[in-house]
Amino acid sequence: MKGKLLKLGTFWGVVGCLACCSLVVGGMNWLYSAHRDIPLDKLLIDASAFPDGFYVSYGPVPRRQADGEIVAVDTRVISFSAPSPSQAGAGESLYLNSNKWAAAAEYRDQLKIKVNSSSIASVTPWKAPDTLSYQSSVANQSYFACHINAIIQREVCKYLAQYDEYLVIFSARTEQGTFEYDDIRRVLEAIDARMAQYLSAEK
């Protein structure tokens, strides 16, 4: 009798162990693939966020990724230009990561790359302008700064933000009288509003 009880206990112990393992594996699968199925095009801003006359000059299309770039589940990129002869313009890249932890890691990595003041492309250090220090109230973390780019010899501003499993990288070429800091602020607010609209609806 004692032997039968021992075997029965061992059997149920094995069953319990297998059940626990299944829960752990299932939990890990969820952890590493916890992203929403929102069409990325819906999360992108459109020309209405920009001053009058700006138009979509490229996209939205999946971003072609080179070696060493962000490894994402899906991507989109869209570009905007001011009417000729202005050289002002902007672009938004959107990356869907497997989960919010992957997005947070990519945010930290891209921050080191995209706003690197030690780069030969930087004439001036990256820093937030005195009149525009934008901090998102929607994103998990965000950073905004500008510098003078040595290649195009003009001011470029960048905004990086993590919204749960999504990473947004926005870049703008400023121009006095055409695309200034107040205009950029409105675009950043539009990015926040668009992300908040769809992400809050999906929770």
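Tutor: What follows is a set of questions and answers on this predicted model.

Student: What makes up the chain in terms of helices and strands?

Tutor: The chain has four helices and six strands. Their order along the sequence is α-α-β-β-β-α-β-β-β-α. Of the 203 residues, 39% are buried.

Student: Why is Arg-76 called buried?

Tutor: The relative accessible area of Arg-76 is 17%. Buried means under 20%, so Arg-76 counts as buried.

Student: Why is Asp-41 called partly exposed?

Tutor: Asp-41 has a relative accessible area of 40%.

Student: What makes Asp-41 and Arg-76 a salt bridge?

Tutor: The closest N and O atoms of Asp-41 and Arg-76 are 2.8 Å apart. The cut-off is 4 Å between a side-chain nitrogen of Lys or Arg and a carboxyl oxygen of Asp or Glu, so this pair qualifies. The pair links distant parts of the chain, with Asp-41 in helix α2 and Arg-76 in strand β2, 35 residues apart. Salt bridges with shared partners join Asp-41, Arg-76 and Asp-74 into one network.

Student: How many salt bridges does the structure hold, and which others can you name?

Tutor: The structure holds five salt bridges. Among them is the one between Arg-194 and Asp-46, with the closest N and O atoms 3.3 Å apart. That pair also links distant parts of the chain: Arg-194 is in helix α4 and Asp-46 in the loop between α2 and β1, 148 residues apart. Another is formed by Arg-154 and Glu-175, where the closest N and O atoms are 3.2 Å apart. Here Arg-154 belongs to strand β5 and Glu-175 to the loop between β6 and α4, 21 residues apart. Each of these two distances is within 4 Å, so the pairs are salt bridges by the cut-off.

Student: What is noted about the backbone at Gln-153 and Asp-164?

Tutor: Gln-153 has a positive phi of about 55° and is not a glycine. Asp-164 also has a positive phi of about 55° and is not a glycine. Most residues other than glycine have a negative phi. Gln-153 lies in the loop between β4 and β5, and Asp-164 in the loop between β5 and β6.

Student: Are Gln-153 and Asp-164 buried or exposed, and how do you know?

Tutor: Gln-153 has a relative accessible area of 57%, which is over 50%, so Gln-153 is exposed. Asp-164 has 15%, which is under 20%, so Asp-164 is buried.

Student: Where are the cis peptide bonds?

Tutor: One joins Gly-59 and Pro-60, with omega about 0°. Another runs from Ser-84 to Pro-85, with omega near 15°. Most peptide bonds are trans. Pro-60 lies in strand β1, while Pro-85 lies in the loop between β2 and β3.

Student: What lines the largest pocket?

Tutor: The largest pocket has a volume of about 490 Å³. Its lining has 25 residues, and those closest to its centre are Lys-114, Asn-149, Val-156, Lys-158 and Ser-171. Strand β3 gives the most to this lining, with five residues. By class, the lining of the largest pocket has nine nonpolar, twelve polar and four charged residues.

Methods: Residues are numbered from 1 along each chain as its sequence is written. This is a predicted model: local features need pLDDT of at least 70, side-chain atom pairs count only at pLDDT 80 or more; totals for chains, interfaces and linings use all residues. Side-chain values use heavy atoms; hydrogens and water are left out. Helices (H or I, at least four residues) and strands (E, at least two) are DSSP runs, numbered from the N terminus. Buried means under 20% relative accessible area, exposed over 50%, partly exposed in between (1.4 Å probe, protein chains only). On a 1 Å grid over the protein atoms alone, a cavity is a set of points where a 1.4 Å probe fits but cannot get out, and a pocket is an open set with protein on both sides within 12 Å along at least five of seven lines; lining residues have an atom within 4 Å of a point. Grid points are joined across faces, edges and corners, and a volume is the space filled by probe spheres set on the points. Ala, Val, Leu, Ile, Met, Phe, Trp, Tyr, Cys and Pro count as nonpolar, Asp, Glu, Lys and Arg as charged, and the others, Gly among them, as polar.
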